[in-house]
Amino acid sequence: MTSPESASASASEREAVTAAAPVDVVLPCLNEVEALPWVLARIPPTWRALVVDNGSTDGSPELARALGATVVHETRRGFGAACHAGLAAATADIVCFCDCDASLDPSLLEPFVREVSEGAADLVLGRRRPQGRGAWPAHARIGNLVLARMLRRRTGLRLHDLGPLRAGRRQQLLDLALTDRRSGYPLQMVVRAADSGWRVVEHDVPYLPRTGDSKVTGTWRGTWQAVRDMGRVLSEPPPPGGGNAAVPLPVLPGGTAQ
């Protein structure tokens, strides 16, 4: 029988391993010079920030480098192109993703990383909870709701949001062989993770008004372009003999899966 002392020691050892786990945070960036100082200041000190510049003209890559981030350049425009370039450049075992517009605090990823590193989940997502007026325009919320329902029908996952704040293991993410390089990238990650039987969970995170103009969901046109991109992802057939392989964890009030 395990003694309380040894159990306590084992818990401490697990915490130490988690704290020392190498983590890369991918931050897709297009003209985010105003938001970068706030975002980079909130990256946990032992983690590495990978700012993926997607053609900025406002000095974002230079500022990011001056603030201590590693800068990756991706000339092909597109949210998915920037995210995947960051994933390819990452070397850490665990990779996180976060928007670079100050709408999400990257320090909120710490419990996500702990959950992945301890083997409690394979992919952890942040369910955005808007804080204040202007944090999440109505058209963007409607588009997200539509996609969440479509995702549920396609995979069985009872998620509420397809937000950009997320964490998973680098090699597993690469093994998903994601192909979308536009707005459908985050959704394709979830769909293929579900088809592969991953444990996908979500947790509430505060969602703040972004700094600067949105490149995707700032307008109805941009939102529905994103919905179209994601609709194409959802039309992909499940793998042969696989289908809805994921067994979704029930989501408790507050967005916590168990």
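This is a predicted model: local features need pLDDT of at least 70, side-chain atom pairs count only at pLDDT 80 or more; totals for chains, interfaces and linings use all residues.
Local features need pLDDT of at least 70, side-chain atom pairs count only at pLDDT 80 or more, and totals for chains, interfaces and linings use all residues. Numbering starts from 1 along each chain as its sequence is written, and side-chain values use heavy atoms, with hydrogens and water left out.

The sheet is open and mixed, with 7 strands ordered β3-β2-β1-β4-β6-β5-β7. Strands (E, at least two residues) and helices (H or I, at least four) are DSSP runs numbered from the N terminus, and two strands pair if DSSP finds at least two bridges between them. β3 (70-73) and β7 (200-207) sit at the edges with a single partner strand each, so one side of each lacks a neighbour in the sheet. On average, neighbouring strands are turned by 25° against each other, direction ignored. β1 (23-29) and β4 (94-97) run parallel over 4 bridges, and D24 has V95 of β4 as its bridge partner.

Helix α8 (185-195) lies across β4, β5 (123-130), β6 (166-169) and β7, at about 135° to β5; axes are lines fitted to C-alpha atoms, for helices over the stretch in contact (heavy atoms within 4.5 Å), and angles run from 0 to 180 degrees between N-to-C directions. α8 also gives the most to the lining of the largest cavity, with 3 residues.

As for the charge-ring contact, R128 lies over the face of Y207, 5.1 Å from the ring centre (the rule: NZ of Lys or CZ of Arg within 6 Å of the centre and within 35 degrees of the ring normal).
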